[in-house]
Amino acid sequence: MPFGEKTPAILAAEIRLHRDTHSGAFLVVEGADDVRFWRKWRHTRCELVDGEGKLNVLGVVQRLDSRSVSGVLGLVDSDYDMFVGADLPSANLVATDAHDLECLLCRSDALDAVLHERGDPRKIARFRDRSQMGVRQALLERALVFGRIRLAATLHGATDAMAEIRVARFLDERSWTVDTDTLMEMVATRSDSELTEWREWITALGTEESWYVARGHDMIEILRTGLKRVLGDLPNSVGVADIAKDLRLAAKRESLEETGMWAGVQSWENANRPFSILAT
């Protein structure tokens, strides 16, 4: 069956069938990149399941809950759930304590490792001196421009323009800045809304919970663009997928153990012994 065509019913049936031969835990994640990430950190008795999307993960867990299938944990991105009042529908679900896994990694020292490997120390130092801020803060601020627009669109039912947002299109590679005016004008035009209305929506969002507003894929695209000139000399052949892989490989257990996501998995383990998700 092609990727992305499995339903919660199909995935739940597969897990139930596999339960006959597997007595350990199942960790159901949103996609292939999440599977790759968790391979390094999972317990040997934990089976990873590609849920092929957040809605599938939620649906699988709820279906298995209704049939009292034990030892199954779903892990999902928080996305904008906290802003729209969407709670996790099961105790067998854990969410990232940032918008998504990529955001969580950019917030950690995995970003520092990627900058060390892919960046130019002199250019990074020059950027810090000129901007009076570190790369992580600068990356977050740029990603928030896009994140606030996406969140405002979600809250006000104006998502039509979101498909038109191509992060690289609105980034100046030479200065590593976002062309906010052009971006806002495009969004207003595509959504058939007034520009002043969009500005009011975004202003009303405030500045709290930044790591839940910024989107990981945007951050990686912005980081890649910065590494091309302002922060390094990254060749065009290195893509977004390469940077995402770098971040996953650079993750350290000590940093992960400080996250709410890790703590949530540990709490689930304590409540569902003898099932184990995390490697010891």
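Reply: Helices (H or I, at least four residues) and strands (E, at least two) are DSSP runs, numbered from the N terminus. The model is a predicted one, in which local features need pLDDT of at least 70 and side-chain atom pairs need pLDDT 80 or more, whereas totals for chains, interfaces and linings use all residues. Numbering starts from 1 along each chain as its sequence is written, and side-chain values use heavy atoms, without hydrogens or water.

Rolling a probe the size of a water molecule over the atoms shows where empty space is left. On a 1 Å grid over the protein atoms alone, a cavity is a set of points where a 1.4 Å probe fits but cannot get out; a pocket is an open set with protein on both sides within 12 Å along at least five of seven lines; lining residues have an atom within 4 Å of a point. Points are joined across faces, edges and corners, and the volume is the space filled by probe spheres set on them.

The count gives one cavity of 30 Å³ or more. The largest cavity holds about 60 Å³ of space. V29, E30, D34, W38, L75, V76, D77, T96, L101 and M261 line this cavity. Helix α2 and strand β3 each contribute at least two of its lining residues. Sorted by class (Ala, Val, Leu, Ile, Met, Phe, Trp, Tyr, Cys and Pro as nonpolar; Asp, Glu, Lys and Arg as charged; the others, Gly among them, as polar), the cavity lining has six nonpolar, one polar and three charged residues.

One of the lining residues, L75, lies in strand β3. L75 has 7% relative accessibility and therefore counts as buried (buried means under 20% relative accessible area, exposed over 50%, and partly exposed in between, with a 1.4 Å probe and protein chains only). Setting aside residues up to four places away in sequence, L75 is in contact (heavy atoms within 4.5 Å) with L27, V28, V29, E30, W38, V57, V94, A95 and M261. Although L75 and V94 are 19 residues apart along the chain, their C-alpha atoms are separated by 4.9 Å.

The open space is a separate matter. The largest pocket has a volume of about 190 Å³, and its lining consists of E30, G31, A32, D33, D34, R36, G53, K54, D77 and E102. Helix α2 (residues 32–39) gives the largest share of that lining, four residues. By class, one residue of the pocket lining is nonpolar, two are polar and seven are charged.

The 13 residues of α3 reach 19 Å from the first C-alpha to the last, close to the 18 Å expected at 1.5 Å a residue (the expected span being 1.5 Å times one less than the number of residues). Just after α3, S68 has a positive phi of about 55 degrees. Most residues other than glycine have a negative phi, and most peptide bonds are trans.

L11, A12, I15 and R19 are the buried residues of α1. They cover an arc of only 100 degrees around the axis, so they are on the same side of α1; the arc is that of the directions from the helix axis to the C-beta atoms. Among the elements that cover them are β1 (25–29), β2 (46–50), α3 (54–66) and β3 (72–76).

The loop between α2 and β2 contains T44, which counts as exposed because its relative accessibility is 72%. T44 and L55 are 11 residues apart in sequence, yet 27 Å apart in space, C-alpha to C-alpha.
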